[in-house]
Amino acid sequence: MLNLTIRDKRALISESELSGMIQESLPVLRQAQKGEERFADSQGWLDVEEWANAAILDNILSIAQRVRSTCDAFVLIGVGGSNNAARSVIEALKTDDGPEIIYAGTTLSANALNRMLKSLEGKDFAIDCIAKNFETLEPGSSFRILRKALADRYTPEEAASRIICTGTYGSSLEQLCIDNGYTFVPFPTNIGGRYTAMSYVGLLPMAVAGVDVAALVKGAADMQYTLHTGAPEENLALRYAVLRNLYYQKGYKLELLASFEPQLKWFYKWWIQLFAESEGKDGKGLFPVAAEYSEELHAVGQYVQDGAPLMFETFLDIQARQDSLVIQPDGKKDYFDYLDGKDFYDINKAAFNATVTAHSEKLPCLIFKVPALDAYNFGQLFYFFQFACYLSGRILGIDPFDQPGVEAYKGWMFKALGK
Ligand code: PA5
């Protein structure tokens with residue numbers, strides 16, 4: 001079970017201050033548990049069953065099986081919330097069997113897109129264009145060039161059979177599927193992109209990659225149960241949401257997410273998008289950033305420990321000993337003999353403990369103990385952080401489900417491109 005501890009030598013927040021604000025925030029928790037009418041078009045994720053039930057999982061697994069048996073590669077076209085959840089799990093858990101997963105729709109760089117197309121040469125592939133509105137430039141333009149790549153390679157029927165679209169009912173993307181015989185699966189109309197991990201958006205690409213999506217959904221559903229029942233004062237998402245807001249009120253402007261598992265690299269991106277797009281509005285919000293330790297102890301680590309006091313740190317500490325690699329002596333005098341016979345698992349843990357001890361002298365450190373890095377726990381993390389983000393945004397006093405700022409640059413860009 002996920003749990004949270006605070007390490008802060010200066011005890012910036014007292015237990016009574018924390019429990020006082022938790023008490024004050026209980027109405028926010030109660031409303032979130034029930035769901036709020038004014039956010040009805042954004043809360044389809046609150047009940048995991050709605051978009052990740054058994055019938056949907058069956059359909060996902062059957063489409064995934066078809067792709068897995070006919071493809072060497074699978075291109076996930078999508079940006080932001082249409083990509084990040086799937087990518088974070090696939091890049092952390094994918095084993096070598098099954099199609100290679102390639103990403104498109106995240107860039108307008110000709111160089112990056114040419115490299116992506118080149119990586120498909122000689123491979124049988126299928127694509128999934130994931131777009132809620134189907135007007136975002138990155139996925140729309142990538143879909144064009146990938147449809148052409150399919151048309152150049154296969155007969156029209158075969159090319160069409162290799163195209164999946166995840167779009168909203170009634171959208172121009174659905175119409176494109178109807179007109180051209182592409183496979184269409186629904187993007188939830190009542191969920192915004194960054195909350196869609198437990199739906200066709202996140203689960204279909206994960207299933208193609210061979211991830212155990214049933215375990216993932218079970219993890220999310222169990223977390224839903226935990227956060228919607230039990231003593232409100234003990235609610236972990238509320239505690240975390242309150243801590244974030246208290247640190248913000250005390251002048252911290254950044255939250256730095258870190259772990260000692262490079263496998264979590266893409267999860268950071270998901271987490272950053274979730275909190276940045278949900279909370280950064282009305283001139284408010286913690287700026288979410290991430291660090292890949294231990295590598296970045298040799299870079300941003302200096303600033304974290306010794307620079308301007310901008311941030312508090314949140315660690316994901318993976319508990320299970322999932323891998324083992326023991327360093328053997330080789331008889332050469334390299335002055336690393338203190339490592340002889342030690343397992344990298346323990347060395348990495350020692351680095352983690354040393355880092356928390358050092359950092360917590362200067363800044364508050366929150367530590368989430370995550371039982372293991374597997375599909376079930378990814379499900380737990382997705383639901384946990386989504387729910388916590390909702391609570392945190394409500395305590396902050398903003399709408400956690402819109403993104404008005406993102407729309408502003410789009411207007412200027414469409415104008416420049418003559419849309
Ligand atoms: O979370 C969000 O709502 C956004 O990040 C969207 O997911 C992102 O902008 C992609 O939008 P679309 O799926 O409409 O292309």
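This is a dialogue about a predicted model and the terms used to describe it.

Biologist: What ground rules apply to this model?

Modeller: The model is predicted: local features need pLDDT of at least 70, side-chain atom pairs count only at pLDDT 80 or more, and totals for chains, interfaces and linings use all residues. Residues are numbered from 1 along each chain as its sequence is written, and side-chain values use heavy atoms, with hydrogens and water left out.

Biologist: How do you know where domain 1 and domain 2 lie?

Modeller: The domain assignment gives 3-34 + 217-398 for domain 1 and 48-211 for domain 2. Such bounds come from an automatic or database assignment. The C-alpha centres of domain 1 and domain 2 are 30 Å apart.

Biologist: Which residues count as being in contact there?

Modeller: Contact means heavy atoms within 4.5 Å. Domain 1 gives 24 residues and domain 2 gives 21 residues. The buried area is about 1800 Å², with 66% from carbon and sulfur atoms. That is accessible area (1.4 Å probe) lost when two parts are put together, summed over both.

Biologist: Why is the pair Glu277 and Arg194 called a salt bridge?

Modeller: The rule asks for a side-chain nitrogen of Lys or Arg within 4 Å of a carboxyl oxygen of Asp or Glu. Glu277 and Arg194 meet at 3.2 Å, N to O, so the pair qualifies. Across the interface of domain 1 and domain 2, the rule finds 1 salt bridge.

Biologist: Why is Val370 called buried?

Modeller: Buried means under 20% relative accessible area, exposed over 50%, partly exposed in between (1.4 Å probe, protein chains only). Val370 has 1%, so Val370 is buried. Its place is in strand β10 (residues 365-370); strands are DSSP runs (E, at least two residues), and helices are runs of H or I, at least four, both numbered from the N terminus. Beyond neighbours within four places in sequence, the contacts of Val370 include Leu316, Ile318 and Leu381.

Biologist: What makes Ala11 exposed?

Modeller: Ala11 has 53% relative accessibility, so Ala11 passes the cut-off for exposed. Ala11 sits in the loop between β1 (3-7) and α1 (15-24). Its phi is positive, about 45°, although Ala11 is not a glycine.

Biologist: And what makes Tyr335 exposed?

Modeller: The relative accessible area of Tyr335 is 60%, so Tyr335 counts as exposed. Its phi is also positive, about 65°. Tyr335 is in the loop between β9 (311-318) and α15 (344-359).

Biologist: Why do such values stand out?

Modeller: Because most residues other than glycine have a negative phi, and most peptide bonds are trans. A cis peptide bond joins Tyr293 and Ser294, with omega about 5°.
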